[in-house]
Amino acid sequence: MTIIHVPAHVPACPIMVSTPVGAQRLGTDLRAVAVAVKNVQGWASSISAPEWEGDTADAHDHAATRFAVRLDGAEAALDRAVTAADLFEERLAALFERRTTLTAERAEVNADIDTLSTEIAAATDESRVPEFERRAARLTTRADGLVARIDTWVRDRDAAEADLVAALRGVDTVAEGVQAAADPGRPDVAALTTRLRGLRGDPTGLAAWWATLSRAEQEALTTEHPELVGNADGLPITDRDEANRAALGRDLDYLTQRRDDGQLSAAEKRVLENATYVRDALGEYADQIDPETGAALANVVVYQPGLHSGDGGIAISFGNPDTADHVSVNVPGLTSETSSTSGNLAKTLALHQAALDEGKGTVASVYWLDYDAPSGNPINPFDPLGQLDFGGVALTDKAEAGGERFGDFIDGLRASDEGDRAHLTAIGHSYGSTAVGYALHDGLPVDDAIIIGSPGQPTGTAAELTGADVWVGSMDHDPVSLLGTGDRGGIGALGHDPADVDFGGHRFETGDGALRVEKLLDNHSSYFSGTSLDNMAHVVAGNEGEVSYQPGRGAPGGDYLTLSELLAVSTTATVGDGLLAGGTWLLEHLRPGGIMVP
Amino acid sequence: MMRALGTVPLTLLLALGLGGCGGNDDDSRQAVEDAVRQADETIDGVVHQVAAALHLAGAQGSRSFTICGESYAPRGVVMQNFLRFTASGELTQENAFVATVGLLRDDGWTVDDPANRVSVVGTKGPLTLRVEIHPTLVQVGVTAPCIETSDDIAEEYADRPTADLTWSS
């Protein structure tokens with residue numbers, strides 16, 4: 001009997017103990033410390049006591065200078081540590097990707113080994129022996145090659161860890177910090193800052209210049225000016241995320257201390273509140289990993305907690321827009337501020353997963369709120385949280401300004417995009433759709449635009465608005481979507497109804513929503529679910545053939561109620577249901593033994 | 001007669017009251033707690049079965065709540081449970097997907113697109129279960145997309161901090 005030597009199973013590629021997301025957290029913490037130290041160092045370098053004279057003044061200046069010099073050593077050491085951590089994270093991401101490939105191959109090889117072993121065991125004669133020997137030989141070659149590549153992976157992993165430890169050990173004493181500070185190769189942060197400031201507003205130029213910098217120069221700028229780097233349109237998303245997380249960590253530490261010391265100003269209080277909202281929202285997704293890189297799925301692309309009258313500016317992406325095949329950016333509407341981040345991220349994730357599940361390539365989904373959305377409570381004018389910003393809602397100023405900022409952000413995404421040009425979709429909801437509309441009219445460089453629950457668009461037709469494909473989601477029982485001028489009138493303060501047949505957009509199916517007065521505003525916030533979500537995902541993933549449509553308003557089959565009709569009918573429906581419920585309740589309680597019978 | 005007349009304004013009040021509200025707090029809280037219980041049963045049940053079948057390890061997860069709607073009309077609560085696992089590739093990708101679809105269906109989940117090779121998505125009651133399978137990483141989401149509640153209950157749950165999920169081996 002012939003013996004066939006089938007290779008043994010390939011052992012598993014070891015699990016990564018040092019992970020990309022762990023390295024990210026290390027880098028974030030080191031950067032936050034570096035940012036804080038640089039803030040103090042800058043303060044120490046600038047303090048003076050002009051009223052003092054003579055020996056006292058000399059002693060003060062000498063002490064302040066020595067303090068600043070010592071901090072400079074710490075600053076230089078931290079810069080090297082941050083640079084080393086950043087390199088470590090990059091190497092771990094590459095190791096993660098290699099491990100993914102090795103593991104998939106291992107499963108295939110082992111499955112083929114099992115298949116061959118089963119067939120050999122089932123053979124009743126020697127007729128297939130030559131075939132079995134050839135297959136066994138090929139499997140042995142595959143298995144041996146895979147084992148060797150796994151061994152190489154292990155060595156590379158060990159080298160990455162050893163290099164990080166060596167780098168950190170190289171700056172873990174005061175003397176080494178001083179040495180690092182005196183290094184003639186140390187980045188000239190002042191010159192780099194001047195250049196960075198000069199290139200703001202030119203995202204393509206900024207992207208090109210940033211790519212010429214060394215890692216050490218990029219990290220030095222990031223920790224010196226995290227607000228500049230983190231919010232610079234055109235810089236890579238991962239670098240913006242690093243800077244913004246460092247700024248977030250710094251704000252939380254510093255302002256929490258000031259709060260505990262009773263020194264918080266009103267403006268700082270708002271910043272701390274916004275920082276806390278962002279921290280909490282990110283915490284909800286801390287366990288979500290980008291399967292491509294092993295790093296955190298969420299990226300903080302914009303972090304400006306003190307902007308927009310204290311409402312703050314924020315943008316967070318799931319996935320990396322610089323590398324994804326399909327990118328969407330969604331803009332929320334009325335009353336949105338940093339405190340709304342959590343709820344809006346849940347909607348963004350729902351869209352992200354739905355688009356990913358289309359199976360048309362990699363996806364990144366950005367939630368963007370970096371404009372001054374009108375504030376207040378449209379339902380309850382007596383809400384102590386604030387009166388409705390009627391001017392902001394009724395007039396288009398904030399939408400136009402928001403559209404301009406949004407345009408800058410999209411230009412930035414186009415500039416930092418790597419590889420093939422991404423398929424990019426802008427999504428605007430409610431007042432945010434009007435802001436997106438103004439951006440589209442200014443030439444927003446997107447491929448598709450989705451307008452949902454829109455109170456109005458600045459042009460009468462989609463063709464006048466943009467060259468991109470315009471998709472419209474408007475529930476007929478969403479009162480906000482009935483504000484635009486259209487087939488049957490409309491207030492029109494913010495423009496034209498994009499669901500109107502004459503607008504010429506692609507109106508996708510959303511359903512009408514509930515017809516009860518207390519549910520009308522719920523309809524307005526329901527576009528990121530059900531059929532509407534499915535259709536948005538089809539568009540975002542470039543799968544337009546799967547979109548289901550409904551007739552435009554005013555087209556055959558596109559009958560709808562005007563706003564006043566909707567309010568009347570829905571109120572009647574609510575009262576009617578209530579009458580039925582009330583009548584039923586009374587009937588039960590008017591019987592003998594019920595509460596109403598004396 | 002007087003009693004009949006008196007019931008008219010009462011009926012109208014009841015009409016507006018019973019027809020107009022987003023639910024009372026007790027019913028709302030019960031709805032959320034029911035969804036939480038179902039999520040726990042899902043994690044302790046079919047998610048554990050998937051983890052065993054796919055030879056997963058290193059479970060880490062969290063639970064959070066947020067509002068479904070807008071600040072001025074919260075509508076209800078979104079419950080999100082996320083878990084991630086490391087995988088060593090004992091199964092091929094194809095076998096992992098097929099096994100997961102089978103386990104979900106056996107547990108009563110409706111899987112609309114069993115051929116999807118990005119993730120396995122099942123629905124049962126108010127919950128959506130999503131299993132995203134990669135050679136070295138499996139991520140699971142057990143989500144209630146929107147449990148309709150009163151505004152007070154929506155805000156109460158949304159104010160809760162994100163909590164770690166316990167994984168029993």
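# Briefing on a predicted two-chain model

Helix α11 of chain A is largely enclosed by the rest of the structure, because 15 of its 16 residues are buried, where buried means under 20% relative accessible area, exposed means over 50%, and partly exposed lies in between (1.4 Å probe, protein chains only). This is a predicted model, in which local features need pLDDT of at least 70 and side-chain atom pairs count only at pLDDT 80 or more, while totals for chains, interfaces and linings use all residues. Residues are numbered from 1 along each chain as its sequence is written, chains are lettered from A and ligands numbered from 1 in the order in which they are written, and side-chain values use heavy atoms, with hydrogens and water left out.

**Chain A as a whole**

- Chain A holds 18 helices and eight strands, these being DSSP runs numbered from the N terminus (H or I for helices, at least four residues; E for strands, at least two).
- The C-alpha trace of chain A spans about 105 × 85 × 65 Å along its principal axes, and of its 598 residues, 51% count as buried.
- If we take the contacts in chain A between residues at least 6 apart in sequence, 74% of them join residues at least 24 apart, a contact being a case of heavy atoms within 4.5 Å.

**Helices of chain A**

- Helix α11 covers residues 341–356 of chain A, and its end C-alpha atoms are 22 Å apart, which agrees with the 22 Å that its 16 residues should span at 1.5 Å a residue; the expected span is 1.5 Å times one less than the number of residues.
- Helix α9 of chain A (residues 237–260) has 24 residues and reaches 34 Å from its first C-alpha to its last, close to the 34 Å expected.
- After α9(A) comes Gly262(A), whose phi is positive, near 70 degrees.

**Residues far apart in sequence**

- Asp29(A) belongs to helix α1 (residues 20–46) of chain A and counts as exposed because its relative accessibility is 51%.
- Although Asp29(A) and Ala246(A) are 217 residues apart in sequence, their C-alpha atoms are 7.2 Å apart in space.
- Asp114(A), which lies in helix α2 (residues 54–122) of chain A, counts as partly exposed at 38% relative accessibility.
- Between Asp114(A) and His9(A) the separation is 105 residues in sequence and 8.5 Å in space, C-alpha to C-alpha.

**Aromatic pairs**

- Rings of Phe, Tyr and Trp (its six-membered ring) pair if their centres lie within 6.5 Å, with planes under 30 degrees apart counted as stacked, over 60 as edge-to-face and the rest as tilted; by this rule there are nine aromatic pairs over all chains.
- One of the pairs is stacked and joins Trp471(A) to Tyr549(A), at 6.3 Å centre to centre and with 25 degrees between the planes.
- This pair links distant parts of the chain, 78 residues apart, with Trp471(A) in strand β7 (residues 469–473) and Tyr549(A) in the loop between α17 (530–540) and α18 (563–590) of chain A.
- Trp471(A) is buried, with a relative accessible area of 3%, whereas Tyr549(A) is partly exposed at 46%.
- A cluster linked by ring pairs is made up of Trp368(A), Tyr371(A), Phe406(A) and Phe409(A).

**Positive phi in residues other than glycine**

- His308(A), in the loop between β1 (298–304) and β2 (313–318) of chain A, has a positive phi near 55 degrees and counts as buried at 12% relative accessibility.
- Ser430(A), in the loop between β5 (423–429) and α14 (431–441) of chain A, has a positive phi near 60 degrees and counts as buried at 5% relative accessibility.

**Chain B**

- Chain B contains four helices and seven strands, and from the N terminus on its elements run α-α-β-β-α-β-β-β-β-α-β.
- Of the 169 residues in chain B, 50% are buried, and chain B exposes about 7,500 Å², with 54% supplied by carbon and sulfur atoms.

Terms used: Areas by Shrake-Rupley, 256 points an atom, 1.4 Å probe, with all protein chains shown as cover.
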